[in-house]
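Please open the model in a viewer and keep the selection panel at hand. The tour below moves from one pair of chains to another.

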4 protein chains.
Amino acid sequence: MLKGYTVPLSPQGKSAGTPPPPWHYSSDCIAIEYWANPDAVAALLPPGLSPDAKSAGRAFFWFLDWQFTSENDELTDPARYQYREAFILIDAVYSGKPVSYCPYIFVDNEAAIGRGWAQGYPKRHGSIFQTRTFSAPSAAAAPLAPGSRFGASVSAHGERIATARLQLETKVPDPATVFNRPTTMRRYFPQLVASRQNQPAVDELTLSLTDNLAIVDVWAGSAELSIPVVPGEDVHSLAPQRVGRGYRLGMAYSVTDLQILKNYLA
Amino acid sequence: MLKGYTVPLSPQGKSAGTPPPPWHYSSDCIAIEYWANPDAVAALLPPGLSPDAKSAGRAFFWFLDWQFTSENDELTDPARYQYREAFILIDAVYSGKPVSYCPYIFVDNEAAIGRGWAQGYPKRHGSIFQTRTFSAPSAAAAPLAPGSRFGASVSAHGERIATARLQLETKVPDPATVFNRPTTMRRYFPQLVASRQNQPAVDELTLSLTDNLAIVDVWAGSAELSIPVVPGEDVHSLAPQRVGRGYRLGMAYSVTDLQILKNYLA
Amino acid sequence: MLKGYTVPLSPQGKSAGTPPPPWHYSSDCIAIEYWANPDAVAALLPPGLSPDAKSAGRAFFWFLDWQFTSENDELTDPARYQYREAFILIDAVYSGKPVSYCPYIFVDNEAAIGRGWAQGYPKRHGSIFQTRTFSAPSAAAAPLAPGSRFGASVSAHGERIATARLQLETKVPDPATVFNRPTTMRRYFPQLVASRQNQPAVDELTLSLTDNLAIVDVWAGSAELSIPVVPGEDVHSLAPQRVGRGYRLGMAYSVTDLQILKNYLA
Amino acid sequence: MLKGYTVPLSPQGKSAGTPPPPWHYSSDCIAIEYWANPDAVAALLPPGLSPDAKSAGRAFFWFLDWQFTSENDELTDPARYQYREAFILIDAVYSGKPVSYCPYIFVDNEAAIGRGWAQGYPKRHGSIFQTRTFSAPSAAAAPLAPGSRFGASVSAHGERIATARLQLETKVPDPATVFNRPTTMRRYFPQLVASRQNQPAVDELTLSLTDNLAIVDVWAGSAELSIPVVPGEDVHSLAPQRVGRGYRLGMAYSVTDLQILKNYLA
């Protein structure tokens, strides 16, 4: 009997890239609200999503330091289960309701790539960093306090994809005023048989389901964001035309399920 | 119109993890023939493959330095398209014919993970190295000549999965005497919807198709191989009970197609 | 006019591996108290240090997630100035006073290597991880509370050097009861001129000076530590014969100076 | 008795960052001849070197895939002793003789950093890649033949420092017509004692001594080179104003000694 939620399958199931759900996560996050070219945003939406006319190209660039665990104390093996991530969420409309859609995402950990592909996050490998808050007081501590400065960056293949800066100003009492759209994704897996290379084996519009979502310690402040031109990458099409507020927060949730909004192959 | 053979899909298609086929490869390889516990080999075979009774647990541990290109001179962007790989091939029988099956494989490049999953290679991220042959004469050059010593290793998450050593003795005039089994794999992609987490979306037994296969400069010699116990990994179940000959060779082929031997979901 | 505290020197001084002092640091730390073979501890001490007979081989294995800044908001460039570290401190006596000495240390950042060599820390490159505490509540959050479990590891060249586990039990009201020895190091830089390869250019016993030292949020608990045999490494000589308490804490300080205890070349 | 050519010193001497000399090297190299702003070249020269008026800012940007061994078959441990490197050599004059000087150099291996610092190479950590030549014929093989295309790149901290391209045209019968200047460096090690932070402990102008130098299989062709502006780096001051020929070659030598041209502290 071979076991494994993702490959490789083995009799013991330990070698699988990721343990099976439930997946529990906690993170520190930097998120920069900004506005990209609305046409570029629209061009990235999959069938079934339409541009949000009121949003005028609004997007968030997120940087996340994650810790993961399943049911077996995986968090005590941080070399495998701790990771850093960066992604963009663009505003869209699904069935008349405002949603976010994730066109680009980078992580530095294979288990996170496997879980992401299963959900519909189009994950690639990158190198991601964000300034952290430490409790021991120092010029290097970046406390959660007015005036604290944070930076964040994501690179892939030795090219800088994006760089952000944030200076904290005020605490945000109600996170729901900022982060209030469910996230949609495109779950996609190709075929390689010569006659079917243009027909994916899996092609679905999905909705992220996050149990026990907690958003804590949200601070807002002034922000900068750059998304330079990089050969071999399209992320620059979502470069900022205007940058809004930056946020620094903690976020946790569990994943045990996924909603399929649309099966493009049906 | 969104383009991309693998995610992410984008209007320009440049951000996709890998360009679409054809995929052209050339490599330097170290392969160690060895015998593992036949029961452990049998326990890793997917439905439709049976143990090769004559093989008595025979396997090859491969280490490969790859260069990849598609149609757009990708080989001139080595930071993206050069990679290192290590995998095990175990002997098996499919429909009465001797084949190899790949239970474990590690690469250091995301594009290679995406192409691998599309084929059925159960790729995970690792750190792989092999001694190279250089043309400028030196004690460090490891020429293709009797007495030259080579080493190779694969690690994942900072744990050593396997280490090999090889000392060249003689050139092998006919590679087909050594490398003569087609490679089978299990193409597998899970679902995350709560009620279907035990029913993969894709589950197929596949056969690798390699156009223009070239195997050159094959040398054989004495070999050593260790596959230590590593927490969180099952590869040690295929640890060597006996080590045979080691080989150092060049190999090239192109991939444009895949054969589905069996759809487990049909 | 060429500038740079460490190489490379350049007219603008930006390319130097590290900015000049003052260096400000804040960190999260896991430290495991343990006892190694007293003879192995003694064998690592440089001239001028003697074994601490009362310590009977006592050592601490530290894992640290650091954030660094100098005078120019370096902490907002975390891809350069955030790093992870692991080191061993062994008990010793200098001029009749109890001190610690650092025989082995690994970091994942070149700027940290440059600063370390300037001080006397014998830094090498490694891959280091520790479980982090996150504020958003989750099974993955590892809060600072009784029962929370932490792990930590250090690897070099794809071999695991050490792995630790810690389960929090109680808060430690006075850190000085645990961490109370100044740290000594050997500052050493070799020569390559053929006749002087056995005479270093710099060889000093140094004492770390830490301004504004802050140790906060110290928790103690039960601990595990393993330091396996690794080919090409000597760290295993300090493997634990007995493991004591584990600690999780925050630590910050600034470095602006160094004390030379002894110049071995004078 | 503590042993080690570089730190850390240990009773067995295995943990030292690098084995002691002799050091034997073999490599594949891409070198791009180009002309930078002559004032920028002059501004990087240390005391004792003067600009080469005939050179008008001439420089070479090198990319090297190295294999290293000392006396104990280190080349069979490629995870430790294989590495990639990129550096710039600028034309200069020392005592009336034409020489090269190395202002910037990046490697991906700590042992190479330690050996480099001992010689005077101002090494920092980077990520370096070059297209390789493989013997198995394929569109991915990049053979040493007219029309073959190569690429190379170096990145640090996720920022691209330089990118090069080369298309082979002709074999170069006599390498001495191209590569004929000895290499000078500045050997430099700082102090941290507060009163002496502007007085290095070691500050010497050195000359690289390469025993048994072999330069083989030299090909020349058309080349491209870019050195973009990168925050926190000065390498762009040497950006190309004009690019000359590109070269692809093999090079080997041994290092057993170093010549001190000038002790700046004497």
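**A salt bridge between chains A and B**

Begin by selecting A:Glu233 and B:Arg80: these residues form a salt bridge, with their closest N and O atoms 3.0 Å apart. The model is a predicted one, and the distance is computed from its atoms. Between chain A and chain B the count is 4 salt bridges. The polar contacts across this interface amount to 32 residue pairs, both residues being at pLDDT 80 or more.

**The side of chain A that touches chain B**

Next, colour the elements of chain A that give two or more residues to this side. They are helix H2 (78–81), strand E4 (97–107), helix H3 (110–119), strand E5 (123–125), strand E9 (183–189) and strand E13 (258–263).

Now select both partners together. The contact involves 59 residues of chain A and 59 residues of chain B. The size of an interface is often expressed as the accessible area that is lost when the parts come together. For chain A and chain B the buried area is about 5500 Å², and carbon and sulfur atoms give 60% of it.

**How the two copies are related**

The same surface serves both copies, since 100% of the contact residues of chain A recur in chain B.

**From chain A to chain D**

Turn to the interface of chain A with chain D. How many residues of each chain are in contact here? Chain A contributes 5 residues and chain D also 5. The area buried between these chains is about 430 Å², of which 31% comes from carbon and sulfur atoms. Select A:Gly158, A:Glu159 and A:Arg160 in chain A: these residues lose the most area to chain D, together 82% of what that side buries.

Finally, display the side chains of A:Arg160 and D:Glu159. They form a salt bridge whose closest N and O atoms are 3.5 Å apart, and the count between chain A and chain D is 2 salt bridges. Across this interface 7 residue pairs are in polar contact, both residues at pLDDT 80 or more. By class, the side of chain A that touches chain D has no nonpolar residues, 3 polar and 2 charged.

How values were computed. Residues are numbered from 1 along each chain as its sequence is written. Chains are lettered from A and ligands numbered from 1 in the order in which they are written. This is a predicted model: local features need pLDDT of at least 70, side-chain atom pairs count only at pLDDT 80 or more; totals for chains, interfaces and linings use all residues. Side-chain values use heavy atoms; hydrogens and water are left out. Contact means heavy atoms within 4.5 Å. Buried area is the accessible area (1.4 Å probe) that two parts lose on being put together, summed over both. A polar contact is a pair of N or O atoms within 3.5 Å; within protein, one must be able to donate a hydrogen and the other to accept it, and residues adjacent in sequence count only if both atoms are side-chain atoms. Ala, Val, Leu, Ile, Met, Phe, Trp, Tyr, Cys and Pro count as nonpolar, Asp, Glu, Lys and Arg as charged, and the others, Gly among them, as polar. Helices (H or I, at least four residues) and strands (E, at least two) are DSSP runs, numbered from the N terminus.
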